[in-house]
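Thanks for coming. I'll take one model today and go through a few strands, then the cores.

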Amino acid sequence: MAPSQSQQPPSTAPPRQATTSHMMKTTKRGRPYLKDTLDLFATLVVSLELTTHKQFFRTFPNSFTTDEAAANLASLKFSQSNRGPDPRDPTRIITTTTTTTFSMTRDMAKAMCQHFMDARLIENAADRTSNLFKERGVFQLTPKGLHVLERFISKNGIAADHLVRVFATQPICMKLLHLERRTSDDEIIVSHAVVTSLFRRFAGRSPNYTSETPSPQQDPGVEYHERSKGIPLTDIHDKPPNPLIRGSSQPVKYCFTAVTGLEWLCDFTSIVGRDEAAEMAAHFVRFGFITLVSDKRKGSESAVIFTVRGSGNGQASTGEFRCTAKAIYRITEEGKRVARWDARHDMHHSPNTSQQNLHAERRSSGDHGRPSIMHNTLIATTDAKIHRRISMQEKLRGDYQAGERAGPKESNTERLRHILEEPALRSLFREFLRGNFSEENLSFWLEVQDFKRRFNTTSSAMAATNSRSAGRGTTQGQAAMEKHHEALIAMAFVIYNTYLAPSSLCELNIDHGLRSELVAYLNEVLTDSNGKTIQGRVEPDQVTAFNATQLQIMIRLYERIQSHVFRLMATDSVPKFIKTPRFMALRNWVEEYDALENDMNGYVSPTPSIPPGLDDGSDDGEVGRTYMTVSQTANEKIQAQKKQSEEIAPLGDVPL
């Protein structure tokens, strides 16, 4: 695989391109680095037309075939255009377009798609249990794949209208746990804190006992939601210790199969294959969180056993995980203690899904445990360090700022910033504003944020063989940027017509001076271009001549109004919002959650894992942590479902 990059600066002369080419970096396992894998996957999906395909007398919507994926990957182009001020004239806006082209043979393309399957980004539509990327296959995106795709589209400013249907009709991973990796070899940075954080997500907030006989007609979204709560568990029954004594068998609680555990780790975390999942599961064994119950494979059956070793607090430890179809593990008493199942038994339930937004952000504590297949092991350790996590409780109280306590005047501002950052809190805040007839303030603030992001960066992805230039000498990046510019003009005046035009649908209550300054500027620009002035709403045919510099001035004016609306929400809406029962219930739940988290914040290894002076410096400055990303689309779907159920529920009380 050889991606090449070409960078084209804006110029009135014939474009000159600076081109570079390099091979994609791969790990010792033979796979591309995780970031490259995710970016290439998302680029491929954006370039595909996901349609309905038939196979084995069944139809699969939002799918693609082996041939379609291989054809696009053979020559895939990703163009990204960035706007910024001209260094020679800051009043002008220039656009720089970078195009990355991926070239690979059909066999390499199929191997790349196999990596996507291993990472649980795509799956065989006809057989979800299959782990092979086959010829003449039909494939769909997994919930994890949609989560990754959503982040990629948002980050790169991609207009993905053709994917709206996919996001609306398929389940999306609500929260994905990310494990940080070393830059040198892309291996997970393993530590006690990282393994503990991963295990808590794995075990769930309480034992996740699911139906032993799921209905074949069960909605995939419901099934996925149930699995997302934690590893599905079951109880198994051992034979009585003395067969001559009658009696019921002794149940073994909190059990799961090895294969189920590996699949769960691949589905809900950034782990990219069963080998990595088995290594992290071996660390669960190593720390005593899980233990083997039975492995009833026949003696002639082969088995892959992952063994990891590490050292911490001056002691060496070993963990072994068996990747066999009949291996059964259970969560131990130590695992229950670490997962805090007992401690959480009496906890209040969150009033919404905000618990899904808690970020487990920690720096590395002491053990790098590197795995091996069978009995080959490597030992690697590092000194223990824990970085204090800013708790959600503090954020909700608004009494922190850069590690220090903020003044009382800043508390509501900090609260509002956190509310705007957290999808579930933002949804709760929107409901409150809707009830107080001021939802337009939040909507305007969010739409301007989106407008600014789209203005700065736009991207496109397509197969080079299917690309069509807008005109002679026009590159794909330029064509995409021209189309994007037209969309930005439309977006700018949709915002104006919705929130700022006189008697508009959601007219903002803002300072008269701010509105007058904006109208004066628009009148000036429109008069120069077509001789017309603003008469209420601005029609699309009046603004076709807007250039990038004029759009940037509009953004600056919008930002001033945005700051005014932000202060209004912080001083008027937030103090009332934090006194509502739903917010108080959320804060009480968070306080109890953070109280349970505090013991990890204070964990420090008393003895360095590597004697001073003997560290080779290969991982100098790199420490491990975990963090969670939350899908905004998935959160909005959940909130919509909750609202719908709340509207339907009272109907059952109406007498007939």
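Two strands count as paired if DSSP finds at least two bridges between them. Strands (E, at least two residues) and helices (H or I, at least four) are DSSP runs, numbered from the N terminus. This is a predicted model: local features need pLDDT of at least 70, side-chain atom pairs count only at pLDDT 80 or more, and totals for chains, interfaces and linings use all residues. Residues are numbered from 1 along each chain as its sequence is written, and side-chain values use heavy atoms, with hydrogens and water left out.

Start with β7, residues 122–124, which pairs with β8 in the antiparallel sense over 3 bridges. N124 stands opposite F139 of β8. Strand β4 also runs antiparallel to β8, joined by 3 bridges, and there F64 is the residue opposite F139.

In β8, residues 138–141, V138 and Q140 point one way, F139 and L141 the other, and all are buried. Buried means under 20% relative accessible area, exposed over 50%, partly exposed in between, with a 1.4 Å probe and protein chains only.

Now the cores. A nonpolar core is a set of buried Ala, Val, Leu, Ile, Met, Phe, Trp, Tyr and Cys residues joined through side-chain atoms within 4.5 Å. The largest one here has 89 residues, and L141 is among those with the most contacts inside it, as are L149, L163, F199 and I331. Helix α1, residues 34–47, gives the largest share, 8 residues. A second, separate core has 53 residues, including W445 and L514.
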